[in-house]
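Hi,

Here is the structure I said I'd pass on.

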Amino acid sequence: MVDGELAGCIKANLTPNKNAREVMIAYWYGVNYHGKGLASAVLQRFLSLLKEQYPELVTAHAFTHSDNLASQRVLLKCGFECRGDISDFQGEALPAAVLHFTLKF
C-alpha cells in the first residue's frame with residue numbers, strides 16, 4: 001500500500017518435494033508505481049525476509065516475458081542472473097518468449 005492505494009503484489013511459492021530449498025518469486029506493480037524503485041526495494045526486503053524465515057533456501061526462481069525489460073532490470077538489480085529463454089519449467093509449459101532468472105542465496 002502506498003498512500004492507501006494498492007501498489008502491487010509479491011509472492012513466493014516454495015517448491016514442493018525439495019525440502020523448501022527452492023522458491024519461485026512472482027510480483028506485479030501498478031503502472032503508477034513503475035520507474036520509482038519500489039519493485040527493487042520491496043523485492044530486496046522480501047528476499048531478506050524469506051531467507052530469515054527459511055534459512056534452508058538455496059535458490060530463488062523468477063520469470064519475465066522477454067520484452068519486459070523493466071522487470072528484468074529489477075531482478076538483475078536484486079542479484080538474479082538470467083539463465084536464458086525457456087519453453088518449460090519443472091514440466092510446466094510456458095510461452096516461448098519467457099526468460100528464466102535465478103538467485104543463489
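Below is what turned up, going from the sheet to the core and then to a few side chains.

Bear in mind that this is a predicted model, so local features need pLDDT of at least 70 and side-chain atom pairs count only at pLDDT 80 or more, while totals for chains, interfaces and linings use all residues. Residues are numbered from 1 along each chain as its sequence is written, and side-chain values use heavy atoms, with hydrogens and water left out.

Strands first. Helices (H or I, at least four residues) and strands (E, at least two) are DSSP runs, numbered from the N terminus, and two strands pair if DSSP finds at least two bridges between them. E1 (residues 8-14) and E2 (residues 22-29) run antiparallel, joined by seven bridges; Lys11 has Ala26 in E2 as its bridge partner. E2 and E3 run parallel, with three bridges, and Met24 is bridged to His61 in E3.

Now the core, meaning buried Ala, Val, Leu, Ile, Met, Phe, Trp, Tyr and Cys residues joined through side-chain atoms within 4.5 Å. The largest one has 19 residues, and Ile25, Leu43, Leu47 and Phe80 have the most contacts inside it. E2, H1, E3, helix H2 (69-77) and strand E5 (92-104) each supply at least two residues, and H1 gives the most, with five. Beyond its neighbours within four places in sequence, Ile25 is in contact (heavy atoms within 4.5 Å) with residues including Leu43, Leu47, His61 and Phe80.

His61, in E3 (residues 59-65), counts as buried because its relative accessibility is 7% (buried is under 20%, exposed over 50%, partly exposed in between, with a 1.4 Å probe and protein chains only). The side chains of His61 and Glu22 make a polar contact of 3.1 Å (a pair of N or O atoms within 3.5 Å; within protein, one must be able to donate a hydrogen and the other to accept it, and residues adjacent in sequence count only if both atoms are side-chain atoms). His65, also in E3, is partly exposed at 45%. Its C-alpha atom is 4.5 Å from that of Val98, 33 residues away along the chain.

Cheers
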